[in-house]
Amino acid sequence: KQWYQRRVAITAGEKETRIPVHLINAYNGITSITPIKYQAKDILKDVKEIASQYDQIIAVGYSQGGIIWRTMIEMWEDHNVVLFISIASPQHGFYGTPPGLAMFKMLHWVDKIFRSDKVYEIGYSNVGQAVSFFNMYLDPTHYDLYLKGNKFFPELNNETGTAAEKELRKKNFLKLSKLVLIGGPGENVIDPWQSTIFGYYTKDGFDKGMIPMEESRFFVEDLFGLRTLAERGDLVKCVFPGIGHLKFRDDPNMLRRCVISALIPLL
């Protein structure tokens with residue numbers, strides 16, 4: 001059903017924009033918990049084959065797919081991605097109940113466990129890092145442990161690695177002509193919802209305020225090029241209220257305001 005809904009939404013956009021659309025049917029269902037770096041490397045093979053047919057391509061990633069797309073862009077040296085649209089994706093990570101388990105928030109004990117001050121011990125363990133959603137886990141109250149224990153996200157955010165590796169990832173990211181970040185306060189899976197537009201909790205954790213993208217370490221230190229994109233005028237945030245996580249896949253009003261509007265300059 002979910003695959004059908006995505007196909008219907010994408011087909012509608014394809015008819016409206018006349019831009020050919022290719023869907024990557026991979027790592028659905030339980031296989032989506034495969035570590036993200038492995039997924040990205042595997043999917044990139046198919047993406048490169050599709051991309052070779054065009055002078056330039058547009059990348060659209062929803063939820064975890066937005067993280068996979070950013071990973072592929074940073075590792076793809078000669079990519080021809082001109083526009084990257086990230087929809088309801090935890091680009092700054094998540095804190096609290098993991099996205100894959102958010103549906104169980106109705107069970108009080110589940111949310112209580114994942115809001116405990118010891119959950120980082122699970123997230124940053126070898127077992128935790130073997131599951132995709134913990135690859136995106138960022139506990140701001142234990143930042144040193146995040147840098148040490150998370151085997152994926154610090155690298156994606158250019159916080160770890162050699163100077164040459166960091167330079168290459170940033171160079172690849174900055175080949176983008178435009179980045180569009182889409183999310184909204186109705187988000188009911190990603191915690192906090194502001195992560196979809198690179199905002200996040202402060203170093204004090206839950207209920208102690210938020211910092212916007214412009215005050216985050218990723219932006220201030222321009223670790224992978226976020227600030228450079230903004231200063232170039234090539235970063236757009238589209239905050240769309242009133243819909244939950246699943247509706248960000250196919251809500252027609254959101255698609256028109258946030259997605260189709262970003263495509264118009266390329267038509």
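1. Helix 2 and helix 3 are roughly perpendicular to each other (that label covers angles of 65 to 115 degrees; under 35 is roughly parallel, over 145 roughly antiparallel, and the rest oblique). The angle between helix 2 (residues 36–51) and helix 3 (residues 64–75) is about 70°, and their axes lie 9 Å apart. Helices here are DSSP runs of H or I with at least four residues, strands are E runs of at least two, and both are numbered from the N terminus. Axes are lines fitted to C-alpha atoms, over the stretch in contact for helices, with angles from 0 to 180 degrees between N-to-C directions.

2. A word on the source: this is a predicted model, where local features need pLDDT of at least 70, side-chain atom pairs count only at pLDDT 80 or more, and totals for chains, interfaces and linings use all residues. Residues are numbered from 1 along each chain as its sequence is written, and side-chain values use heavy atoms, leaving out hydrogens and water.

3. Now the bond to look for: C238 and C258 form a disulfide, with 2.0 Å between their sulfur atoms (the cut-off for a cysteine sulfur pair is within 2.5 Å). A disulfide is a covalent bond between the sulfur atoms of two cysteines. The count by this rule is one disulfide. This pair links distant parts of the chain, 20 residues apart: C238 sits in strand 6 (residues 235–239) and C258 in helix 12 (residues 252–263). The link of C238 and C258 is left-handed, with -60° about the S-S bond.

4. Are these cysteines buried or exposed? C238 counts as buried at 11% relative accessibility, and C258 is buried at 2% (buried is under 20% relative accessible area, exposed over 50%, partly exposed in between, using a 1.4 Å probe and protein chains only).
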